[in-house]
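Please consult the sequence and the model alongside the text.

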Amino acid sequence: MQKVVSISLNGNSYQLEEPGYEELRVYLERAEARLADSPDRAEVMADLEQAIGEKCRALLGPHKSVVSAAEVSGIIREMGPVESPDGKPADAGFAPGAAPGASTTPGLHPRKRLFKIREGQMWTGVCNGIAAYINVDVTWVRIAVALLTLFSGGGVFLVYLVLAFIVPYADTAEDRAAAFGMPFNTEELIKSAKKNFEEFGDKYRWRREWRRQQRHWNRQFKHMNEQLRVATANAAPAMSQTARAIGSVFVPIAALVGAIVFVVWILALLSLVTQHTIFGWALPHNIPLWVGILLLFMAYSVVAAPLRAIRHGGQNAAGYHPGWNVLHSLMWIGFTALLFWVAYTFFPGVRELVDQLMWAANLTVSTISETIV
Amino acid sequence: MDLTEKLVPLRKGLLEFVILKIVAGDKVYVADMLKLLGPTEFATQEGTLYPLLSKLRREELVDYEWQESEAGPPRKYYKLTAKGRTQLAALNDYWKNLNRTLADFGN
(Lines give C-alpha, C1' and ligand atoms only; values in the text may rest on other atoms or scores of the structure.)
Protein backbone atom coordinates (compact mmCIF):
# COMPACT_ATOMS: atom_id res chain seq x y z
CA MET A 1 0.00 0.00 0.00
CA GLN A 2 1.27 3.44 -0.92
CA LYS A 3 0.21 6.84 0.32
CA VAL A 4 -1.05 9.04 -2.51
CA VAL A 5 -0.54 12.77 -2.83
CA SER A 6 -2.88 14.94 -4.85
CA ILE A 7 -1.14 17.71 -6.76
CA SER A 8 -2.10 20.42 -9.19
CA LEU A 9 0.02 20.89 -12.30
CA ASN A 10 -0.75 24.09 -14.13
CA GLY A 11 -4.37 23.94 -13.03
CA ASN A 12 -5.06 20.20 -13.39
CA SER A 13 -5.05 17.73 -10.56
CA TYR A 14 -3.12 14.46 -10.51
CA GLN A 15 -2.56 11.78 -7.93
CA LEU A 16 1.00 10.61 -7.34
CA GLU A 17 2.44 8.03 -5.01
CA GLU A 18 4.18 9.83 -2.18
CA PRO A 19 7.83 9.08 -3.11
CA GLY A 20 7.00 10.15 -6.66
CA TYR A 21 5.56 13.39 -5.35
CA GLU A 22 8.76 14.05 -3.40
CA GLU A 23 10.91 13.44 -6.44
CA LEU A 24 8.78 15.71 -8.58
CA ARG A 25 8.80 18.43 -5.95
CA VAL A 26 12.60 18.32 -5.84
CA TYR A 27 12.78 18.40 -9.63
CA LEU A 28 10.53 21.46 -9.89
CA GLU A 29 12.31 23.20 -7.03
CA ARG A 30 15.61 22.68 -8.77
CA ALA A 31 14.18 23.88 -12.05
CA GLU A 32 12.93 27.02 -10.37
CA ALA A 33 16.28 27.63 -8.71
CA ARG A 34 18.08 27.20 -12.01
CA LEU A 35 15.75 29.67 -13.68
CA ALA A 36 16.03 32.15 -10.82
CA ASP A 37 17.78 34.75 -12.98
CA SER A 38 15.60 34.23 -16.02
CA PRO A 39 12.80 36.70 -16.80
CA ASP A 40 10.84 33.76 -18.26
CA ARG A 41 10.82 31.79 -15.04
CA ALA A 42 7.06 31.81 -14.44
CA GLU A 43 6.29 30.95 -18.01
CA VAL A 44 8.81 28.11 -18.24
CA MET A 45 7.60 26.68 -14.94
CA ALA A 46 4.02 26.65 -16.24
CA ASP A 47 5.22 25.02 -19.48
CA LEU A 48 7.11 22.35 -17.55
CA GLU A 49 4.14 21.64 -15.30
CA GLN A 50 1.89 21.30 -18.29
CA ALA A 51 4.32 18.97 -20.05
CA ILE A 52 4.60 16.81 -16.92
CA GLY A 53 0.81 16.83 -16.56
CA GLU A 54 0.44 15.67 -20.13
CA LYS A 55 2.88 12.83 -19.57
CA CYS A 56 0.95 11.82 -16.45
CA ARG A 57 -2.32 11.87 -18.34
CA ALA A 58 -0.87 9.64 -21.04
CA LEU A 59 -0.13 7.03 -18.36
CA LEU A 60 -3.58 7.13 -16.76
CA GLY A 61 -6.73 5.45 -17.94
CA PRO A 62 -10.19 4.41 -16.79
CA HIS A 63 -8.68 1.74 -14.50
CA LYS A 64 -5.60 3.61 -13.44
CA SER A 65 -5.91 6.85 -11.51
CA VAL A 66 -2.57 7.09 -9.72
CA VAL A 67 0.87 7.73 -11.19
CA SER A 68 3.39 5.40 -9.56
CA ALA A 69 6.70 6.56 -8.14
CA ALA A 70 8.58 4.67 -10.87
CA GLU A 71 6.50 6.35 -13.54
CA VAL A 72 7.25 9.77 -12.05
CA SER A 73 10.98 8.92 -12.17
CA GLY A 74 10.55 7.99 -15.81
CA ILE A 75 8.77 11.25 -16.57
CA ILE A 76 11.48 13.27 -14.86
CA ARG A 77 14.18 11.41 -16.80
CA GLU A 78 12.30 12.19 -19.99
CA MET A 79 11.99 15.87 -19.12
CA GLY A 80 15.70 16.17 -18.50
CA PRO A 81 17.44 18.71 -16.29
CA VAL A 82 16.24 22.26 -16.76
CA GLU A 83 18.74 24.55 -18.36
CA SER A 84 18.51 28.29 -18.51
CA PRO A 85 19.75 29.39 -21.96
CA ASP A 86 20.93 32.71 -20.59
CA GLY A 87 21.78 31.64 -17.08
CA LYS A 88 24.33 29.37 -15.55
CA PRO A 89 25.08 26.21 -17.52
CA ALA A 90 23.26 23.13 -16.26
CA ASP A 91 25.16 20.09 -15.12
CA ALA A 92 23.92 17.67 -17.75
CA GLY A 93 21.93 19.41 -20.44
CA PHE A 94 22.89 17.56 -23.56
CA ALA A 95 23.52 13.89 -23.11
CA PRO A 96 26.40 13.49 -25.56
CA GLY A 97 25.17 11.26 -28.34
CA ALA A 98 22.90 9.30 -26.05
CA ALA A 99 19.16 9.06 -26.50
CA PRO A 100 17.20 11.43 -24.29
CA GLY A 101 16.10 9.66 -21.20
CA ALA A 102 19.25 7.62 -20.94
CA SER A 103 21.15 10.49 -19.41
CA THR A 104 21.75 10.44 -15.72
CA THR A 105 20.84 13.61 -13.90
CA PRO A 106 23.34 14.38 -11.18
CA GLY A 107 21.50 17.60 -10.44
CA LEU A 108 18.68 15.52 -9.01
CA HIS A 109 20.66 13.96 -6.21
CA PRO A 110 19.95 15.95 -3.10
CA ARG A 111 22.97 17.27 -1.26
CA LYS A 112 24.11 15.11 1.57
CA ARG A 113 23.11 16.39 4.98
CA LEU A 114 23.20 15.17 8.54
CA PHE A 115 19.84 13.92 9.72
CA LYS A 116 18.57 11.89 12.61
CA ILE A 117 17.19 8.63 11.31
CA ARG A 118 14.33 6.88 13.08
CA GLU A 119 14.67 3.50 11.41
CA GLY A 120 16.71 1.41 13.83
CA GLN A 121 17.39 4.27 16.24
CA MET A 122 18.49 3.37 19.71
CA TRP A 123 17.74 6.62 21.48
CA THR A 124 17.54 9.75 19.35
CA GLY A 125 18.82 8.53 15.99
CA VAL A 126 21.90 10.78 16.01
CA CYS A 127 24.38 7.90 15.76
CA ASN A 128 22.25 6.38 13.06
CA GLY A 129 22.33 9.64 11.11
CA ILE A 130 26.10 10.04 11.55
CA ALA A 131 26.59 6.46 10.39
CA ALA A 132 24.59 7.21 7.23
CA TYR A 133 26.50 10.44 6.75
CA ILE A 134 29.99 8.97 6.90
CA ASN A 135 28.83 5.65 5.50
CA VAL A 136 29.97 3.25 8.21
CA ASP A 137 28.10 0.75 10.31
CA VAL A 138 26.10 2.32 13.11
CA THR A 139 27.62 -0.02 15.70
CA TRP A 140 31.05 1.54 15.19
CA VAL A 141 29.61 5.01 15.63
CA ARG A 142 27.90 3.98 18.87
CA ILE A 143 31.08 2.40 20.21
CA ALA A 144 33.06 5.49 19.24
CA VAL A 145 30.58 7.81 20.94
CA ALA A 146 30.55 5.69 24.08
CA LEU A 147 34.36 5.52 24.28
CA LEU A 148 34.81 9.21 23.51
CA THR A 149 32.26 10.03 26.20
CA LEU A 150 34.33 8.14 28.72
CA PHE A 151 37.64 9.66 27.65
CA SER A 152 36.38 13.21 27.25
CA GLY A 153 34.80 13.21 30.68
CA GLY A 154 31.32 13.63 29.25
CA GLY A 155 32.14 16.41 26.80
CA VAL A 156 31.27 14.28 23.80
CA PHE A 157 28.00 13.36 25.43
CA LEU A 158 27.10 17.02 25.66
CA VAL A 159 27.91 17.39 21.96
CA TYR A 160 25.69 14.40 21.34
CA LEU A 161 22.83 16.00 23.24
CA VAL A 162 23.24 19.27 21.40
CA LEU A 163 23.18 17.36 18.11
CA ALA A 164 20.13 15.46 19.28
CA PHE A 165 18.12 18.59 19.32
CA ILE A 166 19.57 20.72 16.53
CA VAL A 167 19.76 17.99 13.91
CA PRO A 168 16.35 17.40 12.32
CA TYR A 169 14.75 14.03 11.76
CA ALA A 170 14.75 12.72 8.22
CA ASP A 171 11.00 12.58 7.83
CA THR A 172 10.45 12.96 4.10
CA ALA A 173 11.75 10.80 1.28
CA GLU A 174 13.90 13.73 0.18
CA ASP A 175 15.46 14.09 3.62
CA ARG A 176 16.19 10.38 3.74
CA ALA A 177 17.84 10.54 0.34
CA ALA A 178 19.90 13.49 1.56
CA ALA A 179 20.80 11.64 4.77
CA PHE A 180 22.35 8.76 2.83
CA GLY A 181 23.17 10.93 -0.15
CA MET A 182 26.24 10.92 -2.34
CA PRO A 183 29.66 9.87 -1.12
CA PHE A 184 30.75 12.82 0.90
CA ASN A 185 33.75 15.02 0.29
CA THR A 186 35.25 18.02 2.02
CA GLU A 187 33.34 20.49 -0.09
CA GLU A 188 30.07 18.90 0.92
CA LEU A 189 31.17 18.89 4.51
CA ILE A 190 32.00 22.59 4.47
CA LYS A 191 28.78 23.38 2.64
CA SER A 192 26.64 21.49 5.10
CA ALA A 193 28.51 23.00 8.00
CA LYS A 194 27.76 26.43 6.56
CA LYS A 195 24.14 25.58 6.04
CA ASN A 196 23.83 24.21 9.55
CA PHE A 197 25.45 27.35 10.86
CA GLU A 198 22.92 29.48 8.99
CA GLU A 199 20.11 27.46 10.47
CA PHE A 200 21.76 27.76 13.84
CA GLY A 201 21.06 31.49 13.59
CA ASP A 202 17.36 30.81 13.35
CA LYS A 203 16.37 31.08 16.99
CA TYR A 204 12.81 29.90 16.47
CA ARG A 205 14.07 26.69 14.95
CA TRP A 206 16.02 25.96 18.08
CA ARG A 207 12.99 26.40 20.20
CA ARG A 208 10.76 24.43 17.89
CA GLU A 209 13.21 21.54 17.70
CA TRP A 210 13.76 21.59 21.40
CA ARG A 211 10.05 21.54 22.14
CA ARG A 212 9.59 18.69 19.72
CA GLN A 213 12.43 16.77 21.31
CA GLN A 214 10.95 17.34 24.73
CA ARG A 215 7.57 16.14 23.59
CA HIS A 216 9.27 13.08 22.15
CA TRP A 217 11.05 12.34 25.42
CA ASN A 218 7.93 12.99 27.45
CA ARG A 219 6.02 10.57 25.26
CA GLN A 220 8.70 7.94 25.68
CA PHE A 221 8.84 8.29 29.42
CA LYS A 222 5.09 8.49 29.77
CA HIS A 223 4.92 5.24 27.89
CA MET A 224 7.54 3.76 30.18
CA ASN A 225 5.64 4.98 33.25
CA GLU A 226 2.46 3.47 31.95
CA GLN A 227 4.13 0.10 31.53
CA LEU A 228 5.70 0.28 34.94
CA ARG A 229 2.41 1.27 36.55
CA VAL A 230 0.59 -1.56 34.89
CA ALA A 231 3.30 -3.95 36.02
CA THR A 232 3.10 -2.58 39.56
CA ALA A 233 -0.67 -2.77 39.67
CA ASN A 234 -0.58 -6.38 38.52
CA ALA A 235 1.85 -7.32 41.21
CA ALA A 236 0.05 -5.38 43.98
CA PRO A 237 -0.39 -5.55 46.91
CA ALA A 238 2.60 -7.76 47.56
CA MET A 239 4.65 -5.23 45.56
CA SER A 240 4.32 -2.28 47.91
CA GLN A 241 7.26 -3.51 49.98
CA THR A 242 9.42 -3.79 46.86
CA ALA A 243 8.09 -0.49 45.58
CA ARG A 244 9.26 1.30 48.66
CA ALA A 245 12.61 -0.33 48.23
CA ILE A 246 12.82 0.89 44.62
CA GLY A 247 11.89 4.39 45.71
CA SER A 248 14.31 4.53 48.55
CA VAL A 249 17.14 3.50 46.25
CA PHE A 250 16.03 5.51 43.27
CA VAL A 251 15.26 8.88 44.84
CA PRO A 252 18.67 9.40 46.51
CA ILE A 253 20.46 8.44 43.28
CA ALA A 254 18.33 10.85 41.28
CA ALA A 255 18.94 13.59 43.85
CA LEU A 256 22.70 13.00 43.80
CA VAL A 257 22.96 12.99 40.01
CA GLY A 258 20.74 16.07 39.80
CA ALA A 259 22.85 17.87 42.40
CA ILE A 260 26.11 17.00 40.60
CA VAL A 261 24.76 18.29 37.31
CA PHE A 262 23.53 21.46 39.00
CA VAL A 263 26.79 22.18 40.82
CA VAL A 264 28.91 21.54 37.74
CA TRP A 265 26.63 23.81 35.78
CA ILE A 266 26.73 26.64 38.32
CA LEU A 267 30.52 26.44 38.51
CA ALA A 268 30.77 26.45 34.72
CA LEU A 269 28.50 29.48 34.59
CA LEU A 270 30.53 31.29 37.28
CA SER A 271 33.77 30.53 35.53
CA LEU A 272 32.37 31.68 32.22
CA VAL A 273 31.10 34.95 33.64
CA THR A 274 34.17 35.81 35.71
CA GLN A 275 37.01 34.38 33.63
CA HIS A 276 35.44 33.91 30.21
CA THR A 277 36.45 30.26 30.22
CA ILE A 278 34.61 27.08 31.10
CA PHE A 279 36.98 25.14 33.37
CA GLY A 280 39.96 26.48 31.43
CA TRP A 281 38.38 26.06 28.03
CA ALA A 282 38.09 29.44 26.33
CA LEU A 283 35.20 30.31 24.05
CA PRO A 284 36.12 30.61 20.38
CA HIS A 285 36.76 34.22 19.36
CA ASN A 286 33.70 34.59 17.19
CA ILE A 287 31.27 33.54 19.93
CA PRO A 288 30.25 36.39 22.20
CA LEU A 289 29.93 35.83 25.93
CA TRP A 290 26.14 36.04 25.98
CA VAL A 291 25.89 33.24 23.42
CA GLY A 292 28.18 31.15 25.60
CA ILE A 293 25.94 31.79 28.62
CA LEU A 294 22.85 31.00 26.58
CA LEU A 295 24.44 27.76 25.35
CA LEU A 296 25.27 26.83 28.92
CA PHE A 297 21.66 27.35 29.97
CA MET A 298 20.51 25.23 27.06
CA ALA A 299 23.03 22.51 27.87
CA TYR A 300 21.69 22.45 31.41
CA SER A 301 18.10 22.08 30.38
CA VAL A 302 19.11 19.45 27.86
CA VAL A 303 20.76 17.41 30.60
CA ALA A 304 18.20 18.15 33.29
CA ALA A 305 15.06 17.36 31.29
CA PRO A 306 15.72 13.66 30.68
CA LEU A 307 17.00 13.31 34.25
CA ARG A 308 13.76 14.73 35.55
CA ALA A 309 11.75 12.50 33.29
CA ILE A 310 13.67 9.45 34.49
CA ARG A 311 13.17 10.49 38.10
CA HIS A 312 9.43 10.82 37.64
CA GLY A 313 9.42 7.46 35.95
CA GLY A 314 11.26 5.89 38.87
CA GLN A 315 9.04 7.56 41.47
CA ASN A 316 5.91 6.45 39.75
CA ALA A 317 7.23 2.92 39.58
CA ALA A 318 7.46 3.06 43.32
CA GLY A 319 3.83 4.10 43.46
CA TYR A 320 3.13 7.83 43.31
CA HIS A 321 3.42 9.59 46.59
CA PRO A 322 4.06 13.33 47.20
CA GLY A 323 6.50 12.29 49.90
CA TRP A 324 8.97 11.15 47.25
CA ASN A 325 9.10 14.68 45.85
CA VAL A 326 9.72 16.22 49.28
CA LEU A 327 12.37 13.62 50.00
CA HIS A 328 14.01 14.28 46.66
CA SER A 329 14.03 18.07 47.19
CA LEU A 330 15.57 17.76 50.64
CA MET A 331 18.22 15.33 49.43
CA TRP A 332 18.93 17.49 46.43
CA ILE A 333 19.52 20.56 48.62
CA GLY A 334 21.70 18.52 50.95
CA PHE A 335 23.79 17.06 48.15
CA THR A 336 24.14 20.44 46.47
CA ALA A 337 25.37 22.11 49.63
CA LEU A 338 27.73 19.23 50.30
CA LEU A 339 29.14 19.33 46.80
CA PHE A 340 29.67 23.09 46.95
CA TRP A 341 31.48 22.71 50.21
CA VAL A 342 33.64 19.89 48.82
CA ALA A 343 34.42 21.89 45.68
CA TYR A 344 35.25 25.03 47.67
CA THR A 345 37.42 23.16 50.11
CA PHE A 346 39.31 20.81 47.84
CA PHE A 347 39.56 22.60 44.49
CA PRO A 348 41.70 25.76 44.60
CA GLY A 349 40.27 26.84 41.23
CA VAL A 350 36.78 26.84 42.63
CA ARG A 351 37.83 28.75 45.71
CA GLU A 352 39.54 31.36 43.56
CA LEU A 353 36.42 31.63 41.49
CA VAL A 354 34.09 32.10 44.42
CA ASP A 355 36.45 34.57 46.12
CA GLN A 356 36.69 36.54 42.93
CA LEU A 357 32.92 36.61 42.73
CA MET A 358 32.58 37.70 46.36
CA TRP A 359 35.11 40.42 45.73
CA ALA A 360 33.18 41.61 42.68
CA ALA A 361 29.93 41.52 44.64
CA ASN A 362 31.49 43.50 47.50
CA LEU A 363 32.83 46.03 45.06
CA THR A 364 29.42 46.44 43.45
CA VAL A 365 27.70 46.79 46.78
CA SER A 366 30.20 49.39 48.02
CA THR A 367 29.98 51.31 44.73
CA ILE A 368 26.22 51.38 44.96
CA SER A 369 26.20 52.45 48.59
CA GLU A 370 28.76 55.18 47.84
CA THR A 371 26.62 56.47 45.02
CA ILE A 372 23.57 56.51 47.25
CA VAL A 373 25.39 58.15 50.11
CA MET B 1 38.74 14.79 -24.35
CA ASP B 2 36.95 12.50 -26.74
CA LEU B 3 35.19 13.60 -29.89
CA THR B 4 31.57 13.43 -28.72
CA GLU B 5 32.45 15.58 -25.76
CA LYS B 6 34.11 18.15 -28.05
CA LEU B 7 30.99 18.33 -30.18
CA VAL B 8 28.58 19.01 -27.31
CA PRO B 9 29.07 22.80 -27.24
CA LEU B 10 28.82 22.91 -31.04
CA ARG B 11 25.47 21.13 -31.02
CA LYS B 12 24.30 23.21 -28.11
CA GLY B 13 25.05 26.40 -29.98
CA LEU B 14 23.36 25.16 -33.10
CA LEU B 15 20.19 24.04 -31.33
CA GLU B 16 18.73 27.54 -31.46
CA PHE B 17 19.31 27.63 -35.23
CA VAL B 18 17.68 24.21 -35.65
CA ILE B 19 14.65 25.29 -33.61
CA LEU B 20 14.18 28.36 -35.80
CA LYS B 21 14.33 26.09 -38.86
CA ILE B 22 11.70 23.71 -37.43
CA VAL B 23 9.39 26.53 -36.38
CA ALA B 24 9.77 28.15 -39.81
CA GLY B 25 7.52 25.47 -41.30
CA ASP B 26 4.11 24.82 -39.86
CA LYS B 27 3.06 25.73 -36.30
CA VAL B 28 4.63 23.16 -33.98
CA TYR B 29 3.92 21.76 -30.56
CA VAL B 30 6.88 21.04 -28.26
CA ALA B 31 6.21 17.30 -28.11
CA ASP B 32 6.32 17.20 -31.91
CA MET B 33 9.59 19.16 -31.95
CA LEU B 34 11.11 16.63 -29.57
CA LYS B 35 9.89 13.81 -31.81
CA LEU B 36 11.47 15.48 -34.84
CA LEU B 37 14.76 16.06 -33.04
CA GLY B 38 14.80 12.65 -31.34
CA PRO B 39 16.51 10.59 -34.03
CA THR B 40 18.96 13.38 -34.95
CA GLU B 41 22.16 14.62 -33.35
CA PHE B 42 20.06 17.36 -31.76
CA ALA B 43 18.00 15.03 -29.57
CA THR B 44 17.01 17.06 -26.54
CA GLN B 45 14.51 17.21 -23.70
CA GLU B 46 11.75 19.47 -22.39
CA GLY B 47 14.03 20.72 -19.66
CA THR B 48 16.22 22.31 -22.32
CA LEU B 49 13.62 23.15 -24.93
CA TYR B 50 11.08 25.13 -22.90
CA PRO B 51 13.57 27.62 -21.47
CA LEU B 52 15.10 28.05 -24.95
CA LEU B 53 11.70 28.71 -26.56
CA SER B 54 10.85 31.25 -23.86
CA LYS B 55 14.11 33.02 -24.54
CA LEU B 56 13.44 33.07 -28.29
CA ARG B 57 10.00 34.49 -27.62
CA ARG B 58 11.47 37.21 -25.42
CA GLU B 59 13.79 38.08 -28.30
CA GLU B 60 10.66 38.20 -30.50
CA LEU B 61 12.00 35.56 -32.87
CA VAL B 62 9.15 33.11 -32.25
CA ASP B 63 5.61 33.46 -30.98
CA TYR B 64 2.96 30.98 -29.95
CA GLU B 65 -0.78 30.61 -30.07
CA TRP B 66 -3.06 28.48 -27.96
CA GLN B 67 -4.82 25.59 -29.63
CA GLU B 68 -7.45 23.31 -28.15
CA SER B 69 -6.41 19.70 -27.91
CA GLU B 70 -8.74 16.70 -27.91
CA ALA B 71 -7.30 15.51 -24.60
CA GLY B 72 -6.47 17.95 -21.84
CA PRO B 73 -5.84 21.67 -21.67
CA PRO B 74 -5.01 23.86 -24.70
CA ARG B 75 -1.48 23.64 -26.03
CA LYS B 76 1.06 26.21 -27.14
CA TYR B 77 1.88 26.03 -30.83
CA TYR B 78 5.02 27.88 -31.82
CA LYS B 79 5.61 29.77 -35.07
CA LEU B 80 8.27 32.06 -36.51
CA THR B 81 7.80 35.85 -36.38
CA ALA B 82 8.89 38.27 -39.14
CA LYS B 83 11.94 39.19 -37.09
CA GLY B 84 12.69 35.50 -36.63
CA ARG B 85 12.43 34.96 -40.37
CA THR B 86 15.02 37.70 -41.01
CA GLN B 87 17.35 36.24 -38.46
CA LEU B 88 16.90 32.73 -39.85
CA ALA B 89 17.80 33.99 -43.32
CA ALA B 90 20.92 35.65 -41.91
CA LEU B 91 21.84 32.45 -40.07
CA ASN B 92 21.33 30.40 -43.24
CA ASP B 93 23.65 32.74 -45.13
CA TYR B 94 26.22 32.56 -42.39
CA TRP B 95 26.06 28.78 -42.36
CA LYS B 96 26.56 28.60 -46.12
CA ASN B 97 29.58 30.90 -45.86
CA LEU B 98 30.95 28.80 -43.07
CA ASN B 99 30.58 25.66 -45.19
CA ARG B 100 32.28 27.34 -48.10
CA THR B 101 35.16 28.49 -45.95
CA LEU B 102 35.57 24.98 -44.56
CA ALA B 103 35.49 23.52 -48.09
CA ASP B 104 38.07 26.05 -49.28
CA PHE B 105 40.53 24.90 -46.67
CA GLY B 106 40.21 21.40 -48.12
CA ASN B 107 41.12 18.33 -46.12
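Chain A contains 13 helices and 4 strands, taken as DSSP runs (H or I of at least four residues for helices, E of at least two for strands) numbered from the N terminus. The model is predicted: local features need pLDDT of at least 70, side-chain atom pairs count only at pLDDT 80 or more, and totals for chains, interfaces and linings use all residues. Residues are numbered from 1 along each chain as its sequence is written, chains are lettered from A in the order in which they are written, and side-chain values use heavy atoms, without hydrogens and water.

**Chain A**

- Of its 373 residues, 36% are buried, meaning under 20% relative accessible area (1.4 Å probe, protein chains only).
- Among contacts (heavy atoms within 4.5 Å) with a separation of 6 or more, 65% join residues 24 or more positions apart.

**Interface with chain B**

- In chain A, 33 residues are in contact with 30 residues of chain B.
- About 2500 Å² is buried between the two chains, 51% of it from carbon and sulfur atoms; this is the accessible area (1.4 Å probe) lost on being put together, summed over both.
- Six salt bridges (side-chain nitrogen of Lys or Arg within 4 Å of a carboxyl oxygen of Asp or Glu) cross the interface, including one between A:K55 and B:E46 at 2.8 Å, N to O.
- Both α2 (41-59) and α3 (69-79) of chain A supply at least two residues to the side that touches chain B, and α2(A) gives the most, with 9 residues.

Notes:
Buried < 20%, exposed > 50% of the residue type's maximum accessible area, 1.4 Å probe, protein only.
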